[in-house]
Amino acid sequence: MNVDGVIDIYRRVLESEDITGDSDFFELGGDSLLATRVLSGIARVSGVELSFDDFLLAPTPDALAKLVSSDERHLNTADGAR
Amino acid sequence: MTPTTVGAPDLLAAVRTHTGTAILHNGAPIGYRELTARASAVAAALGPHPGAVGVYTSRTPETVIALLGVLTAGGAYVPVDPAYPEERQEAMLAAAGTGTVLVTAPGQAPPPGAVVVDVRGLGETDTETEPSPVDGTDAAYILFTSGSTGAPKPVVTPRRAISTVTAALRDLFGVTPADRVLQFASLSWDTCFEEILPALTSGATLVVDDEAHTGSFPRFLRMTAERGVTVLDLPTAYWHELVRHLAEDGGTLPESLRLLIIGGEAAAPARLAEWHGLGAGGVRLLNTYGCTETTLITHAVELGETVEGRVPIGRALPHVLERVTPEGELLIGGPALSLGYLGLPEATAARFGGDGFFRTGDRVERLPDGRLLHLGRLDGEVKIRGVRVDPAEVESLIGAHPDVAAVAVTGMAAAGRTVLTAYVVPAAHADPGALRASVLARLRATAPAHLLPGRLRVVPELAHTASGKVDRAGTRRRYEQGGEA
């Protein structure tokens, strides 16, 4: 999952076009309820099930996309090992 | 009055009669025998009638053990969320008049001077500590609601209220020993008692699980299925998001689920229609209403079908006396009423009146079939993620900042939920560009998270009414497009 994919999810959830790679979800009015929509969106697209605590530490599309791709690699390795 | 064993001891006696698994903590069972023995050890450490006991909460069995231990000793449970700013914690403990403070998890640091007992170090007692005799009007717990002064407002709930309501909720929910009830609500808010007490007095299993709180619905649903959860009690705002997830992302409810209880704010008719479109017909959906001052739930209704217009809050439960004033305000009386606001006689007189009825501040309408519709508030109070917030309290906290000349706080509808919004006018000497960050930083240091505005706008002036009072709704209309709450 790339940064643009995460930006799309932010735009839909925050109902704002004004989102870039370094936009902080929580500074833009995102709260724990809206965060569940971002986490659901990421899980649907990538299969990576991040937690709210992960999100707090990576609140921008740039950081979140990086976290998702490292988890995706992890998932692939785990699958390959099976 | 002669001491009796009315109140919590009947609850504790009920807990003690059961066997089997009381709590399933991240999959590990804790039996009723162990639960009782550990609660007895807490009661023995506190001694009889310890008064108000502060409990630093955590999502652990230790917090449930602390609650039962305090009740067994004849004390009053005063939960403190360790995530709150230190200043707020101290104000809460002082307002409740706590002596001893119990800690339930690593890293919890009560203010200096408190007598601290760690529940984890107490183990079990071989002999059960007999519950201390208490009167029905003795305090069972003290919780805090939002007050207009900026200081926490303690509500004292008596023993007879939790006994009465626990019995009523066991009937309403139909709890049996076969049930597995998820413990979802924060242990610092009263909703947790409607999960814990009906379950543990019925011999059911309380499911305490870290996977319930990740914010990820796929993980939440997988956990509830793995643990065989039968009863969920969710804030309405969270249920709205769950329904959205089920409808849009294709998640599925656990087959074990038989009852879903919602409450805290108005249920959205659109989400209810989606819910019934999911084929979740086998799950009983119960909408509930209640205030901290009237103890947990006073009104409930089965949401068995789609509703046009507002979703009703239901009928009064059998223990509840109700009146609707000509202005449409809902008044509530009966044995579940709290004793008032501790140390605040004027605030108590204003809401409890002296006629045995509590003024809820909620405007309602009675349908021909007797169910009530909630129409809104008679004051400015708003619900943020199910928690009552008095805008005046947030205004008082923000207004204390030296660079703020004036402030108005109100709720605003955005993206399907209510957002607390603050409009701040800078003082003449202040740098308007730095004000937003400075006000938020100060709030984070003094106020709990639910009082932090989700939106904060620095504006040149507020709107005023003809009589010169700050007009919150008018201010919102001036600066927002279509931002009605």
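1. Ground rules. The model is predicted, with local features needing pLDDT of at least 70 and side-chain atom pairs counting only at pLDDT 80 or more, while totals for chains, interfaces and linings use all residues. Residues are numbered from 1 along each chain as its sequence is written, chains are lettered from A and ligands numbered from 1 in the order in which they are written, and side-chain values use heavy atoms, with hydrogens and water left out.

2. Chain A. Its secondary structure comes to 4 helices and 0 strands, running α-α-α-α from the N terminus. Helices here are DSSP runs of H or I with at least four residues, strands are runs of E with at least two, and both are numbered from the N terminus. Of the 82 residues of chain A, 48% count as buried (under 20% relative accessible area; exposed is over 50%, partly exposed in between, with a 1.4 Å probe and protein chains only). Among contacts (heavy atoms within 4.5 Å) in chain A between residues at least 6 apart in sequence, 54% join residues at least 24 apart.

3. Helix packing in chain B. H3(B), residues 61–73, and H6(B), residues 191–202, pack at about 70° with axes 12 Å apart. That makes H3(B) roughly perpendicular to H6(B). On the cut-offs, 65 to 115 degrees is roughly perpendicular, under 35 roughly parallel, over 145 roughly antiparallel, and the rest oblique; axes are lines fitted to C-alpha atoms, for helices over the stretch in contact, and angles run from 0 to 180 degrees between N-to-C directions. Val64(B), Leu67(B) and Leu68(B) of H3(B) meet Phe193(B), Ile196(B) and Leu200(B) of H6(B). By class the contact has 6 nonpolar, no polar and no charged residues (nonpolar: Ala, Val, Leu, Ile, Met, Phe, Trp, Tyr, Cys and Pro; charged: Asp, Glu, Lys and Arg; polar: the others, Gly among them).

4. Aromatic pairs. Phe184(B) and Tyr238(B) have centres 4.9 Å apart and planes at 40°, so the pair is tilted. Phe184(B) sits in the loop between E9 (180–182) and H6 of chain B, and Tyr238(B) in H8 (236–249), 54 residues apart. Both Phe184(B) and Tyr238(B) are buried. In chain A, ring pairs link Tyr10(A), Phe25(A), Phe26(A), Phe52(A) and Phe55(A) into a cluster.

5. Around H13(B). Tyr423(B) and Tyr479(B) have ring centres 6.0 Å apart and planes at 25°, so they are stacked. Tyr423(B) lies in E23 (417–426) and Tyr479(B) in H13 (472–479), so the pair ties together parts 56 residues apart in sequence. Leaving out residues up to four places away in sequence, Thr475(B) touches Ala408(B), Tyr423(B), Leu462(B) and Ala463(B). Tyr423(B) is likewise buried, at 0%.

6. Charges over rings. Lys153(B) lies over the face of Tyr341(B), 4.4 Å from the ring centre, and the charged end of Arg323(B) sits over the ring of Phe357(B), 3.9 Å from its centre. The criterion is NZ of Lys or CZ of Arg within 6 Å of the ring centre and within 35 degrees of the ring normal.

7. Backbone spots to look at. Most residues other than glycine have a negative phi. Asn26(B) has a positive phi, near 50°, in the loop between E1 (21–25) and E2 (28–31) of chain B, and is partly exposed at 33% relative accessible area. Leu296(B) also has a positive phi, about 55°, but is buried at 9%.

Conventions
Rings of Phe, Tyr and Trp (its six-membered ring) pair if their centres lie within 6.5 Å; planes under 30 degrees apart count as stacked, over 60 as edge-to-face and the rest as tilted.
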